[in-house]
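Here is a short briefing on one model. Please look at the structure before reading on.

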Amino acid sequence: MQWQHLPVAMYTDKWYDVNGVWTGSATILPDGKVIMLYTGSTNESVQVQNLAYPADPSDPFLVEWIKYPNNPVLYPPPGIGYKDFRDPTTAWQTSEGKWRITIGSKLNKTGISLVYDTVDFKSYELLKGLLHEVKGTGMWECVDFFPVSIDGTDGLDTSYMAKGVKHVVKVSLDDDRCDYYSLGTYEPKTATWIPDNPNVDAGIGLRYDYGIYYASKTFYDPNKKRRILWGWIKETDSEKSDVKKGWASLQAVPRTILFDKKTGSNLIQWPVDEVEELRSNKKVFDKVEIKPGSVMPLDIGSAAQLDIKAEFELDEKAIERVNAQQVVYNCSGSGGAADRGALGPFGLLILADNDLTELTPVYFYIYKGPSGNLHTLFCADHSRSSVAGDVDKGIYGSTVPVLNGEKLTVRILVDHSIVESFAQGGRTCITSRVYPTKAIGEKAKLYLFNNATESTISASIETYQMTMTTSAAHTYTRINHILMLAFISLLLHWILR
């Protein structure tokens, strides 16, 4: 999991991309050749699609790229705003041997995904109709479209079309800067997609991540037969602070993405296996009991860079005696980790200092609904993450499915000012962008807490220090690099906008 800094792949040096080399996607052809489609913002700020090739296909890093001399290959079609046509997907093959892509746009306040067929990536046919549309969602950008196996454990190539799959439509909403996805059925003959559940359609239902995470893209890694998700973490402090530190924005840890066979209704995300090669200095805390209203330090040394695995169990007798709650709890509308209920919140205090003046709680909150069923939420509270006054201090999260017999589990990756949290095997994820001023380096500590009023919590925790290493260098592959080029284009999109 080591990175090597390389030169910029593509500059804004042509009339058709002088105002931005924006989001793009790579497609690997059957003969191994690679093409890149990307959005350029022209000298008149028109969004167009452009084609590029590696200058040296034998270069494992694909450092230099050649732009097709007859760019642009696509202009906004009639009826589409000249600033509402961007972010081509990876292409997939049709049964007729053509290649198909989709591009995000909008019609008034309806988010849409246009569909094009091509044979050579130079000329295109705009198909009738749309891949999909959802009213009220606004501009769709960074659209992604890919299959997932409903009974297997491997990722699937984008062109895979067979029984036993669902197709995912993912959209990034320009209006709220969140990434939404939905599961459904793709009809190749009509180039249309229908959601399994219209109530959780693209842009109005499930999200990849309920924190600071946007403009994501996936790719298929044929070497390990997995689909990998990359996401962008924006800054949530002031522009003045960004200028002072000399950089802004970064990428999340890459994640594998699969269909959740247990629930049948969502995806699961998990850090790629290579992350585990950074682990060292394992510490184990087995079945630690923490009473209501308690905070317990965990003696692990610095908590600035950690890989944490935790498992929680509640007191069954406390669950039985708790009364039903009429008010529906939600993370963002609550008082955060300080808002006490009978069965929560409880979890871990991340990036905390000795005085607990700075801390980022990542936690579960459970309540019993009017019908007697338990509802579980997974949240991250930024309200006390920093004493700085110019940073985001919101509370993030959502519900997380917990099936009968399952314990509550979470994995948390901590990297100085980034906290990526994965509940119940990755059913619900939260990325936290925080700015501690005291809980830094050796002064960053980790605590277990239980702010429930009725239930004692039993917690089993494993922690690992995360260190840089060269041992993971062999895991770097050409396809990883191809995707990174597309993802860097995506980052430039947001930095330059």
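Where is Lys 189 found? Lys 189 sits in the loop between strand 12 (178-187) and strand 13 (192-195). This is a predicted model: local features need pLDDT of at least 70, side-chain atom pairs count only at pLDDT 80 or more, and totals for chains, interfaces and linings use all residues. Residues are numbered from 1 along each chain as its sequence is written, and side-chain values use heavy atoms, leaving out hydrogens and water. Helices (H or I, at least four residues) and strands (E, at least two) are DSSP runs, numbered from the N terminus.

- Lys 189 counts as exposed because its relative accessibility is 81% (exposed is over 50% relative accessible area, buried under 20%, partly exposed in between; 1.4 Å probe, protein chains only).
- Lys 189 and Thr 94 lie 95 residues apart in sequence, yet 9.0 Å apart in space, C-alpha to C-alpha.

**Strand 29 and its partners**
- Strand 29 (residues 445-450) has five of its six residues buried, so the rest of the structure largely encloses it.
- Strand 20 (residues 294-298) runs antiparallel to strand 29, joined by five bridges (pairing needs at least two DSSP bridges).
- Met 296 stands opposite Leu 448 in strand 29.
- Strand 22 (residues 343-352) also pairs with strand 29 in the antiparallel sense, over five bridges.
- Ala 352 stands opposite Lys 445 in strand 29.

**Nonpolar cores**
- The largest nonpolar core has 57 residues (a core is a set of buried Ala, Val, Leu, Ile, Met, Phe, Trp, Tyr and Cys residues joined through side-chain atoms within 4.5 Å).
- Phe 312, Leu 348 and Ile 350 have the most contacts inside the largest core.
- A second, separate core of 18 residues includes Phe 85, Ile 103, Ile 112 and Phe 121.

**Backbone geometry**
- The peptide bond from Asn 71 to Pro 72 is cis, with omega near 0°.
- Pro 72 lies in the loop between strand 4 (65-67) and strand 5 (92-93).
- Gly 344 and Pro 345 are also joined by a cis peptide bond, with omega about 10°; Pro 345 is in strand 22.
- Arg 177 has a positive phi, near 55°, and lies in the loop between strand 11 (165-173) and strand 12.
- Arg 177 is partly exposed, because its relative accessible area is 31%.
- Ser 249 has a positive phi, near 75°, in the loop between helix 1 (239-245) and strand 16 (250-251).
- At 19% relative accessibility, Ser 249 is buried.
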